[in-house]
Number of protein chains: 4
Amino acid sequence: MAEFDIGKGKTARRAYGFDDIMIVPTRRTRDPEDIDLTWEIDAYRFDLPFMASAMDSVVSPSTAIEIGQQGGVGVLNLEGLWTRYENADGILEEISTLDNAASVQRMQQLYEAPVIPELIVERIAEINAAGVVSCAAISPQRTKAHIDTILTADLGMLVIQQPVLSAEHVSNNDSEPLNLKTFIRGLELPVIVGDCASYAAALHLMRTGAAGVLVGVGTGRASTVRTVLGIGGPQATALADVRAARIRHLDETGVYTQIIADGSMATGGDVAKAIVCGADAVMLGAPLAAAVEAPGRGWHWGVQSVHPTVPQGGRVPVEPVGTLAEIIHGPSHADDGSVNLAGGLRQSMAMCGYTDLKDFQKAEILVSQK
Amino acid sequence: MAEFDIGKGKTARRAYGFDDIMIVPTRRTRDPEDIDLTWEIDAYRFDLPFMASAMDSVVSPSTAIEIGQQGGVGVLNLEGLWTRYENADGILEEISTLDNAASVQRMQQLYEAPVIPELIVERIAEINAAGVVSCAAISPQRTKAHIDTILTADLGMLVIQQPVLSAEHVSNNDSEPLNLKTFIRGLELPVIVGDCASYAAALHLMRTGAAGVLVGVGTGRASTVRTVLGIGGPQATALADVRAARIRHLDETGVYTQIIADGSMATGGDVAKAIVCGADAVMLGAPLAAAVEAPGRGWHWGVQSVHPTVPQGGRVPVEPVGTLAEIIHGPSHADDGSVNLAGGLRQSMAMCGYTDLKDFQKAEILVSQK
Amino acid sequence: MAEFDIGKGKTARRAYGFDDIMIVPTRRTRDPEDIDLTWEIDAYRFDLPFMASAMDSVVSPSTAIEIGQQGGVGVLNLEGLWTRYENADGILEEISTLDNAASVQRMQQLYEAPVIPELIVERIAEINAAGVVSCAAISPQRTKAHIDTILTADLGMLVIQQPVLSAEHVSNNDSEPLNLKTFIRGLELPVIVGDCASYAAALHLMRTGAAGVLVGVGTGRASTVRTVLGIGGPQATALADVRAARIRHLDETGVYTQIIADGSMATGGDVAKAIVCGADAVMLGAPLAAAVEAPGRGWHWGVQSVHPTVPQGGRVPVEPVGTLAEIIHGPSHADDGSVNLAGGLRQSMAMCGYTDLKDFQKAEILVSQK
Amino acid sequence: MAEFDIGKGKTARRAYGFDDIMIVPTRRTRDPEDIDLTWEIDAYRFDLPFMASAMDSVVSPSTAIEIGQQGGVGVLNLEGLWTRYENADGILEEISTLDNAASVQRMQQLYEAPVIPELIVERIAEINAAGVVSCAAISPQRTKAHIDTILTADLGMLVIQQPVLSAEHVSNNDSEPLNLKTFIRGLELPVIVGDCASYAAALHLMRTGAAGVLVGVGTGRASTVRTVLGIGGPQATALADVRAARIRHLDETGVYTQIIADGSMATGGDVAKAIVCGADAVMLGAPLAAAVEAPGRGWHWGVQSVHPTVPQGGRVPVEPVGTLAEIIHGPSHADDGSVNLAGGLRQSMAMCGYTDLKDFQKAEILVSQK
């Protein structure tokens with residue numbers, strides 16, 4: 001992939017997002033019923049390649065259970081409201097009634113409450129009790145402090161995620177940084193790490209022994225990282241770069257690392273594009289925040305949104321479009337692809353002539369002018 | 001046409017739509033009256049290279065007759081309302097009065113009624129009786145079931161079209177797929193097949209012995225296939241690719257297959273662009289749905305719009321701009337090109353210096369930044 | 001300039017408009033007072049390189065005089081309202097009061113009145129009497145019929161312009177086409193011909209012996225040729241192509257042909273871009289239709305707008321921004337560049353470090369993404 | 001950096017703005033507290049690489065002091081209202097109450113008052129008295145006339161800036177132009193010159209011995225130079241070009257010239273992009289005009305906005321978003337990056353893995369389609 005000069009003294013590469021690309025059908029079509037959407041990571045097998053983002057507007061213990069029952073896996077944010085407040089539902093109710101002008105500042109305050117280890121145990125237990133795979137996310141800065149609690153709670157799968165940056169950590173630079181490589185190899189449970197958006201960063205994360213890497217920086221409907229910090233990596237290019245890192249890592253170690261596209265997807269078609277670019281699964285935020293039972297109650301935000309000094313994005317409104325079951329499995333009576341994400345992905349694969357996710361990664365793509 | 005990397009692990013090709021291109025005039029102009037717009041396919045000769053899309057909002061038996069009398073050919077959808085309901089006009093009237101929120105779900109229901117063979121015969125007979133060429137479309141999944149009825153009805157030209165996907169078929173995967181090659185060669189009447197958007201798919205369809213292929217996937221004003229499924233092929237590139245397939249097929253077999261651009265055209269200028277990119281004729285939907293006598297009564301939709309589980313697009317409003325005769329032949333008193341499509345095409349060819357459609361395919365084009 | 005494939009079976013070239021480009025300053029600036037804007041064509045010398053378009057909303061005999069007195073030259077349309085109606089002012093007043101729905105049809109009717117030779121003589125005489133250079137435009141189809149009248153009237157400069165297509169001519173194909181080469185060489189007065197947008201067409205026109213060629217197809221604020229007919233040529237590329245034709249013509253004949261950019265300019269900065277791309281002068285429509293004394297009375301339209309069967313564009317509103325003197329010479333109290341076009345051009349040349357128009361054609365340009 | 005043909009007779013280069021690019025994180029992140037934002041120019045050391053633009057809506061003596069106390073440096077316009085009117089605050093109050101229609105003309109009048117040397121001395125003295133570095137801008141045309149006054153006033157740093165073009169100078173071409181090279185070398189205080197946007201112009205300015213060059217032409221929220229004059233240079237490309245000039249100048253002379261990006265930045269992320277493209281510091285206008293204590297009182301304009309004959313841009317409204325201290329250092333309760341510019345820059349560098357500004361210039365960038 002060629003670099004080019006943006007001026008006489010600086011080079012750049014060109015990058016593409018999902019909106020820039022389209023999938024090309026082959027000459028064959030398949031029956032949507034013949035499509036296999038199962039996704040395997042480590043010892044787990046999911047009916048769908050869908051993770052729900054570790055965002056308080058998307059995943060509560062109860063929606064994690066519902067998403068698990070629908071075939072995916074919800075990721076609970078261990079540094080969010082559910083582990084800071086016994087009555088998290090009440091806090092979420094309050095947030096939903098804030099007016100826009102006041103919301104950022106009030107939310108900044110709410111996220112300053114301490115994380116309570118007992119709540120970590122309680123929330124994970126609630127999910128485990130429902131018989132679905134429990135999965136939760138924590139930042140590298142907080143991982144050491146809480147890992148014993150997490151292991152005690154018998155978590156199914158751990159996500160160590162940088163953008164899930166604990167608000168308090170900003171001024172807390174006295175702790176020794178987490179050595180992911182040593183740490184991950186010492187754990188029994190599978191770990192997913194992220195987010196990254198480049199070949200070098202992905203290769204680095206793969207070498208830690210993680211079961212999967214999250215791909216996506218400066219994406220997502222509730223994020224303004226690109227505007228506020230100038231940082232970003234359009235998803236199609238980011239996934240293609242990380243895919244190349246996986247090929248190299250596989251060649252060097254024989255280990256196939258799962259790639260999970262995180263952000264920038266609104267429809268089953270966007271999920272399809274992520275798969276074609278190299279993802280094995282996707283992590284969905286805003287599309288699931290649009291569920292009638294979503295904890296955000298019509299609002300969506302991330303942890304960067306409540307950064308204490310440099311908020312990147314804010315609380316954005318999301319119009320409820322159906323239940324979680326409907327958003328995931330349909331049937332849809334909407335015409336914009338916001339409902340029936342699995343059906344959209346299935347239909348896309350069928351129309352293009354592919355029957356499983358790994359095969360679909362071979363599909364050809366076109367780039368159009370905007 | 002060079003592939004390029006969108007990232008280190010995935011390549012793509014660049015694709016162009018009609019909005020990206022412009023036709024370049026030669027140094028000569030012609031008199032619009034000297035322009036020949038006749039189109040020949042198999043034994044038929046039409047005054048105009050215009051087919052009307054097999055969409056219930058565009059083609060009814062009566063508009064098929066009117067379009068035939070104006071020089072083109074209307075394609076009746078054999079899996080639409082006219083073959084499911086004796087009183088199709090009443091159903092269309094009901095649809096026109098639905099409010100937007102309810103329309104997708106009610107239309108999904110309406111398209112669940114069974115196709116009635118007697119109505120197929122009746123509708124085709126009505127068109128034949130008027131002395132114009134009858135033409136109708138059916139999906140590959142339904143072709144075997146209805147071909148005897150169709151032949152009995154003495155249809156003039158058959159369109160076998162994938163996106164005209166019967167709603168019921170989705171869960172009906174027990175029938176053996178249609179072998180187009182054997183099937184088409186066994187028929188007396190000319191067959192047009194589609195839609196396709198690539199070199200390989202077009203070559204495959206040409207080798208079935210079809211008289212023409214339809215080009216267009218994820219295009220059309222009432223379609224959101226690109227958004228909902230992530231699939232698409234901008235028309236200028238799709239036509240240019242299919243044109244190359246025609247050259248190869250002609251070289252291999254001596255047979256010239258008609259290329260019919262399907263979708264993405266709003267004006268005579270858009271039709272002109274389709275021709276220049278390689279089309280011999282065009283299939284028009286939304287522009288004809290804007291006729292005062294259009295069965296959609298101010299609304300336009302396709303069969304994907306009423307897909308039972310993953311609707312792609314919905315019922316879109318179209319402002320009536322004139323009679324079918326005026327939309328096709330003018331004169332126009334509108335300034336946006338929506339009226340007098342034949343006149344616009346004629347004027348475009350005259351200004352660029354070409355006198356017939358085949359010659360016009362040589363015209364040069366420019367691509368502009370958006 | 002490389003061609004590229006837009007698909008496997010069709011090539012194209014990339015083209016750029018004024019909005020795509022910017023002028024690069026040199027390391028030197030000049031004093032605006034030192035800038036020379038004079039323009040010479042044949043034996044005429046104008047203070048400014050500004051022609052006013054042969055459009056009824058822009059040039060009347062009285063505005064032609066005013067524009068001449070301000071340093072430019074107005075071109076009267078010899079097939080417009082002034083040569084069809086003795087009381088053209090009354091007709092223009094009527095047009096200004098039409099409601100939008102009715103305007104195209106009524107204007108189509110008004111332009112069906114015959115051209116009256118006596119009025120040609122009368123209008124030209126009025127302009128000549130004021131002591132400014134008279135200039136008028138006619139279509140090639142009408143040139144033979146009226147040339148004697150034109151010569152009798154002692155016109156200063158003739159424009160033979162294709163888009164000034166007489167409405168009646170459309171069905172009148174019995175006359176022998178005008179041989180421009182023979183015709184122009186036989187005349188005493190300088191002739192400007194157009195419009196063209198390509199190297200080949202421009203070279204052809206230059207070889208007729210014309211003093212100047214007009215460049216611009218599918219441009220201009222009142223034109224929808226690009227939409228309605230699919231035809232166009234973005235101005236920066238069109239001018240650069242025609243400039244190359246001029247170099248070749250100069251090499252072959254020793255004759256330097258004037259290039260006049262016609263359309264797509266709204267400010268002095270746009271005029272500057274036209275010059276830098278190769279133009280010696282510009283023809284302005286919409287910017288001058290915004291004069292308080294403009295005959296269009298707050299409306300702007302071209303002859304394609306009133307085409308009897310395929311109108312391309314319509315009557316567009318233009319907000320009056322000042323007198324002709326103010327629009328041309330300022331001073332401006334507006335901040336959008338719509339007033340003081342000569343001042344804007346002068347300021348642009350000064351900031352970039354050039355003192356005359358020919359020198360300014362050397363300036364460097366940048367192309368930006370949109 | 002390759003040139004390409006925009007047509008057969010003219011070449012161009014492609015250029016990129018901040019909106020076209022994104023910064024790519026490395027595989028490492030840093031703690032925001034470890035980031036060093038200090039900027040050194042000549043003998044001065046500032047806590048932040050922020051200059052405030054020499055615009056009357058941004059810098060008054062009191063805001064210059066406040067900006068200095070916050071770690072940056074405010075540049076007072078020596079040809080603005082503060083050196084023309086003893087009661088500049090009253091004049092600014094009047095401007096804030098003008099209605100939009102009248103504002104350009106009234107402001108043109110207000111800037112016709114003469115510059116009063118005593119006020120130059122008084123304003124600089126006020127800033128010096130507060131113990132911050134005084135900095136002020138003047139145009140090359142006025143430099144000779146006022147340099148003795150400036151030196152008497154004991155100014156800390158001088159900016160000689162072309163776009164700070166005195167209104168009166170336009171018709172005053174009798175004075176000998178300033179020889180920057182001789183002039184700057186003869187001064188004791190450090191001089192910053194600009195603006196430029198190209199390699200050649202920057203190299204020329206660096207060779208004058210200036211301590212820094214300003215980069216930016218046709219940028220900035222209150223400027224319409226690109227529209228009105230057709231001139232411009234997107235900032236990412238301009239900075240990369242000037243960076244190459246610095247490398248050459250450093251190679252030829254051993255002197256490292258500071259590059260200061262001037263305009264086109266709204267957030268800390270935009271500042272980050274400027275640094276990555278090669279800037280050592282930035283000059284901010286509109287973002288600081290949004291301070292509650294900004295002299296523009298909710299309005300923002302530049303000196304081109306009040307050009308007596310060709311105004312380029314006008315008085316644009318800016319919504320106050322916080323105090324100067326908040327805009328610079330936060331904390332932010334806004335989600336759009338308009339508040340806490342230093343924090344945004346710091347956070348951007350931390351997320352990308354760089355600890356000081358010079359190191360951050362090495363960061364990689366991506367260009368995306370628009």
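**Close-up 1. Strand pairing where chain B meets chain C.** Ser368(B) sits across from Ala15(C), a residue of strand 2 of chain C. This is a predicted model. The pairing here involves strand 16 (residues 364-368) of chain B and strand 2 of chain C, which run parallel and are joined by three bridges.

**Close-up 2. The side of chain C that touches chain B.**

**Close-up 3. How chain C and chain B are related.** Turn chain C by 90°, with a shift of 0.0 Å along the axis, and it lies on chain B with an RMSD of 0.0 Å. That is how a four-fold axis relates copies.

**Close-up 4. Strand pairing where chain A meets chain D.** Strand 2 (residues 10-15) of chain A and strand 16 of chain D run parallel, with three bridges joining them. For a pair to look at, take Arg13(A), whose bridge partner in strand 16 of chain D is Leu366(D).

**Close-up 5. The side of chain D that touches chain A.** Here the contact takes 52 residues from chain D and 45 residues from chain A. At least two residues each come from strand 3 (21-24), helix 9 (235-253), helix 10 (268-277), helix 13 (341-352) and strand 16 (364-368) of chain D. Helix 9 of chain D has the largest share, nine residues. By class, this side of chain D holds 24 nonpolar, 17 polar and 11 charged residues.

**Close-up 6. Chain pairs that do not touch.** Chain A and chain C make no contact, and their nearest C-alpha atoms are 9 Å apart. Chain B and chain D don't touch either, with their nearest C-alpha atoms 9 Å apart.

**Close-up 7. Helix 1 of chain D and what packs on it.** Helix 1 (residues 61-69) of chain D has as its buried residues Pro61(D), Thr63(D), Ala64(D), Glu66(D), Ile67(D) and Gly68(D). They pack against strand 6 (50-52), strand 7 (73-77), helix 4 (117-129) and helix 12 (324-329) of chain D. After the helix comes Gly71(D), with a positive phi near 115°.

Definitions and conventions
Residues are numbered from 1 along each chain as its sequence is written. Chains are lettered from A and ligands numbered from 1 in the order in which they are written. This is a predicted model: local features need pLDDT of at least 70, side-chain atom pairs count only at pLDDT 80 or more; totals for chains, interfaces and linings use all residues. A residue is buried if 20 or more other C-beta atoms lie within 10 Å of its own, exposed if 12 or fewer, and partly exposed in between; C-beta atoms are placed from the backbone. Helices (H or I, at least four residues) and strands (E, at least two) are DSSP runs, numbered from the N terminus. Two residues are in contact if their C-beta atoms, placed from the backbone, lie within 7 Å. Two strands pair if DSSP finds at least two bridges between them. Copies are superposed by least squares on the C-alpha atoms of residues with pLDDT of at least 70 in both. Ala, Val, Leu, Ile, Met, Phe, Trp, Tyr, Cys and Pro count as nonpolar, Asp, Glu, Lys and Arg as charged, and the others, Gly among them, as polar.
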